[in-house]
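Hi,

Here's the structure I said I'd pass on. Have a look at it first, and then read my notes below.

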Amino acid sequence: MSALRLIGRKNNFRELRSLGVSPFTIELRVRMEEESYGSSERSSTSSEESAPYSTDNSSHATNPMNSEEEEEEEESSSSDDYPSKRRKHGPIVEEEDRISTLPDSILLTILSSLCTKDAVRTGVLSKRWAYLWTFVPSLRFTDYYLRHAADYASFVDNVLLLHRASKLTNFSVEVEYNPELKPRVDLWVRFATTAKVDQLSLLLSSCFYKLPQHLYANEFVSELDFRACEIKPNGLVRWSSLKRLCLWNVALPKDVLNQVLLGSPRLEFLELRSCDKFNRLDIVSESLKKLVMDSYCEDGLELEIVAPKIESLEIIGEFYGMKKCQIKNASALVEVRLDFEITMEYEEEEQEEDHYKNCENVVRELFESLHQVKKLIVGRWCLKVLSIMSVKHLSCPVLNCKCLTMKTSMEKWNLPGIASLLQSSPYVETLVIDIIFSNHDSEFLDRIYDEVNHWKSKEVYFKSLLQCLKTVKIFGFGERFHTKDVFILVVEFLLKNAKVLEKMVITEPWVMQNGIHNMQLKFLQVSQKLLSFPRSSPHAVVMFPF
């Protein structure tokens with residue numbers, strides 16, 4: 001008989017003990033069951049009627065982590081010394097505990113926002129709170145405070161034995177996994193699925209955990225989040241209610257990924273983070289709307305994404321030595337984020353040039369497949385590759401996006417990439433410039449680039465292209481004042497050439513929020529200079545946060 005069936009039954013004391021459950025926890029569970037179904041005398045007082053989960057036991061009784069030493073410490077701390085001193089100054093006036101008077105539903109919502117270890121600790125507050133945590137519908141276990149696997153497993157076991165909520169909204173386990181924990185993790189997963197959990201997270205590390213077969217047939221779970229888990233279904237996958245799936249550090253051969261997608265007819269969101277063993281994503285799902293590709297573990301990836309129904313795509317993170325990334329048959333795609341980096345180790349200058357040639361091909365092929373996208377976010381590394389292409393007089397494919405976001409450090413070597421993107425986006429109406437810190441090595445660009453002459457050589461092309469730009473939003477300026485000359489050059493150009501510009505909004509920088517006087521003064525000086533620039537649009541307004 002499994003531990004789940006043994007919970008709360010006095011006759012199975014020996015069997016529970018053989019599973020490693022402490023006698024203290026078993027006794028508490030039995031006591032709770034007796035009180036739950038015992039006489040009705042304890043509910044006769046009005047205070048108990050307002051707290052249906054309270055009992056006459058001391059609040060320590062429900063804390064699976066309590067020890068006798070802790071109880072002794074509390075007894076000593078509750079001595080009469082301190083109250084006697086208070087009496088010398090007058091009677092003790094007890095403050096009203098407004099939180100404890102809240103309905104149980106609200107208190108359980110509050111406890112659900114805490115990790116389970118903190119929720120359990122509330123059981124020592126008072127009788128009102130003693131058993132309340134055992135009805136929390138959300139359980140989140142992390143090994144942050146319990147470094148040893150044995151202590152962690154014992155804590156989880158004890159909590160599950162005392163837990164009494166019939167339905168779980170969330171069950172999360174985060175632990176440094178080892179094979180010795182497999183029987184325990186299997187029981188935890190069974191506990192969650194028996195409680196018809198909505199969101200299940202198994203965030204493991206160090207070793208891989210093989211998912212139990214019964215988990216592949218679950219009609220209740222709507223969100224799954226697996227890290228370092230081995231997905232190998234023996235039969236069909238039946239996740240009929242699944243809407244969100246996140247896989248992290250999981251091997252995904254083509255047949256396994258197809259099984260998962262076919263068995264999830266309502267799946268709307270799929271994230272693959274540091275996964276491997278695949279080079280083609282053939283997504284024919286009618287329901288899947290968003291795909292996130294975050295990093296890839298293996299070298300030399302040649303990725304093809306076929307997704308006719310996908311509306312949003314993110315390619316982020318680090319891809320070591322990626323050779324190709326193509327998006328095919330993505331007619332429904334409207335929003336794309338390209339914030340990734342292709343890394344490679346090289347020792348000679350010639351190898352570096354070959355690496356960047358490969359990067360140019362990858363980025364160019366990606367942009368060629370994005371002509372129908374309406375909202376595009378370009379990360380700092382992609383902007384760097386566009387800068388290299390521009391300096392080599394290689395143009396960026398024409399885009400039809402209406403909203404363009406560029407993440408840039410506003411270094412001088414960003415200018416060619418910014419110029420190339422603007423030149424290739426004649427229909428952009430909203431431009432967002434997100435100024436961020438960058439530690440990218442620009443030595444390769446420094447050797448081949450003269451920023452002033454290159455930027456000015458592009459102006460003739462811009463005058464006929466910035467015909468639709470209405471809104472410019474700039475985030476992050478002021479944190480990196482050494483880039484102000486490049487920033488001023490870009491802003492001056494936009495004001496001079498955007499003929500239908502309505503507003504340019506420069507958000508409040510960090511220096512204004514934190515009151516550093518010298519930095520504030522510099523920011524105000526730059527602001528005055530920006531306001532003095534001529535504007536081609538008579539309706540253009542430059543807005544500052546002060």
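Let's start with Lys232, which is partly exposed at a relative accessible area of 46%. For that term, buried is under 20% relative accessible area, exposed is over 50%, and partly exposed lies in between (1.4 Å probe, protein chains only). Before going on, note that this is a predicted model: local features need pLDDT of at least 70, side-chain atom pairs count only at pLDDT 80 or more, and totals for chains, interfaces and linings use all residues. Residues are numbered from 1 along each chain as its sequence is written, and side-chain values use heavy atoms, with hydrogens and water left out.

Lys232 has a salt-bridge partner, Glu230, with the closest N and O atoms 3.3 Å apart. By salt bridge I mean a side-chain nitrogen of Lys or Arg within 4 Å of a carboxyl oxygen of Asp or Glu. Glu230 is partly exposed too, at 27%.

Glu298 and Lys277 pair up at 3.4 Å, N to O. This one links distant parts of the chain, 21 residues apart: Glu298 sits in the loop between strands S10 (290-296) and S11 (302-306), and Lys277 in the loop between S8 (269-275) and S9 (280-282). (Helices, H or I with at least four residues, and strands, E with at least two, are DSSP runs numbered from the N terminus.) Both ends are partly exposed, Glu298 at 28% and Lys277 at 48%. There's also a network, in which salt bridges with shared partners join Lys290, Glu314, Arg337, Asp339 and Lys407.

Then there's Asp186 with Lys182, whose closest N and O atoms are 3.0 Å apart. They are 4 residues apart in helix H10 (residues 182-194), so about one helical turn separates them. Asp186 is partly exposed at 22%, and Lys182 is as well, at 28%.

Now for the inside. The largest nonpolar core has 137 residues, and Phe171, Phe487 and Leu494 touch the most other members. (Such a core is a set of buried Ala, Val, Leu, Ile, Met, Phe, Trp, Tyr and Cys residues joined through side-chain atoms within 4.5 Å.) Helix H17 (residues 484-497) gives the most to this core, 8 residues.

What is Phe171 in contact with, leaving aside its neighbours within four places in sequence? Its partners include Leu139, Phe141, Leu160, Trp188, Phe191 and Gln199, where contact means heavy atoms within 4.5 Å.

Cheers
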